[in-house]
Amino acid sequence: MAPAPSSTQQKGLVAEFIGVTAADKTTAGKVLKQHNWNLSAAINAFFNQPVASNTSSNRAAVTKIFDKYRDNPKEAPDEINLEGTGTLLGDLKIDITDVGALVLFELVQSPSLGVITRQGCVDGLAAANADSLPKISAIVEQRRSQLPSGGDAFRAVYNHTFALGLQERQKSLAMEMALEFWKLLFSTPAFDWRTDSTPWREWWLEFYEAKIKKAVNKDLWKQTLVFALETVKDDSMSFWSEESSWPSVIDEFVAWVKEKRGKSAEAMDTN
């Protein structure tokens, strides 16, 4: 085991931990000690592991935040709607067009775009130990920074986003909405869906808008993510076969990509 850092180094690590997590000094020192003063491990543990502070006082603090941003406390006491959500995002310095907004909506399990419920807000923020605006901002930024890997954080945000765009009583996402979400989720600073030889995101959007032209159901939404993750690992698409159980739209896309690559190869040979 590496020797413990000096007291000066420890103070520096505590300051960095507080700067990222907005935790208090006592919590910062405790979590850092538990992780042998490994700053990265301590920060990840703070945000990703259940915390003991999900108590009545913790929930009360989150409830105060929720109540502050309600649009109409009398008629809708358990909801924050578009105006209040916009104000909250502004106070958190999160642009509504940034993927960070989708991270927040997943964190509080928003039922639709711009709507935050009391239960989703209190449960989500209390569980994340985010009982102040600085802490909410810190955890959103921490989870946002995890999106490019395509790991659990990105999967959670991606899958939740489908529900955000659904209109009442609809089971499929309007094509225009799906395309806008894909543009946001499949590019930096989220998951950059491309490889050195293939602009996957651009090709998928071009194909879908030109060839499919229809709403996106939940299965296709989820399978598009699975396909995207596979193509980044295997640009040749050797994981795909006619016997695979991919949605027919993805089968059509594979054929479209192969044809497009064939035309590109022919053009290069001609030149």
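What percentage of the 271 residues of the protein chain count as buried? The share is 42%, where buried means under 20% relative accessible area, exposed over 50% and partly exposed in between, with a 1.4 Å probe and protein chains only. Please keep in mind that this is a predicted model, in which local features need pLDDT of at least 70, side-chain atom pairs count only at pLDDT 80 or more, and totals for chains, interfaces and linings use all residues. Residues are numbered from 1 along each chain as its sequence is written, and side-chain values use heavy atoms, with hydrogens and water left out.

**Overall layout**

- The C-alpha trace of the protein chain spans about 65 × 60 × 35 Å along its principal axes.
- The protein chain has 13 helices and four strands; these are DSSP runs numbered from the N terminus, with helices being H or I of at least four residues and strands E of at least two.
- There are three parts to look for: domain 1 (10-49), domain 2 (55-149) and domain 3 (169-269), with bounds from an automatic or database domain assignment.
- Domain 1 and domain 3 have C-alpha centres 40 Å apart.
- Of the contacts (heavy atoms within 4.5 Å) with a separation of 6 or more, 65% come from residues 24 or more positions apart.

**Helix 9 against helix 12**

- The axes of helix 9 (residues 152-164) and helix 12 (residues 218-233) come within 9 Å and cross at roughly 155°; axes are lines fitted to C-alpha atoms, for helices over the stretch in contact, and angles run from 0 to 180 degrees between N-to-C directions.
- Helix 9 is therefore roughly antiparallel to helix 12, a label for angles over 145 degrees.
- On the helix 9 side, the contact is made by Phe154, Arg155, Tyr158, Asn159, Thr161 and Phe162, while helix 12 brings Lys218, Trp221, Lys222, Thr224, Leu225 and Leu229.

**Around helix 11**

- Helix 11 (residues 200-212) has buried residues that include Trp200, Trp203, Trp204 and Arg201.

**Leu173 in strand 3**

- Leu173 lies in strand 3 (residues 172-173) and is buried, with a relative accessible area of 0%.
- Beyond its neighbours within four places in sequence, Leu173 is in contact with Phe162, Gly165, Leu166, Ala178, Phe181, Ala215, Val216 and Trp221.
- Asn217 is 44 residues from Leu173 in sequence, yet their C-alpha atoms are 6.2 Å apart in space.

Conventions. Angles under 35 degrees count as roughly parallel, over 145 as roughly antiparallel, 65 to 115 as roughly perpendicular and the rest as oblique.
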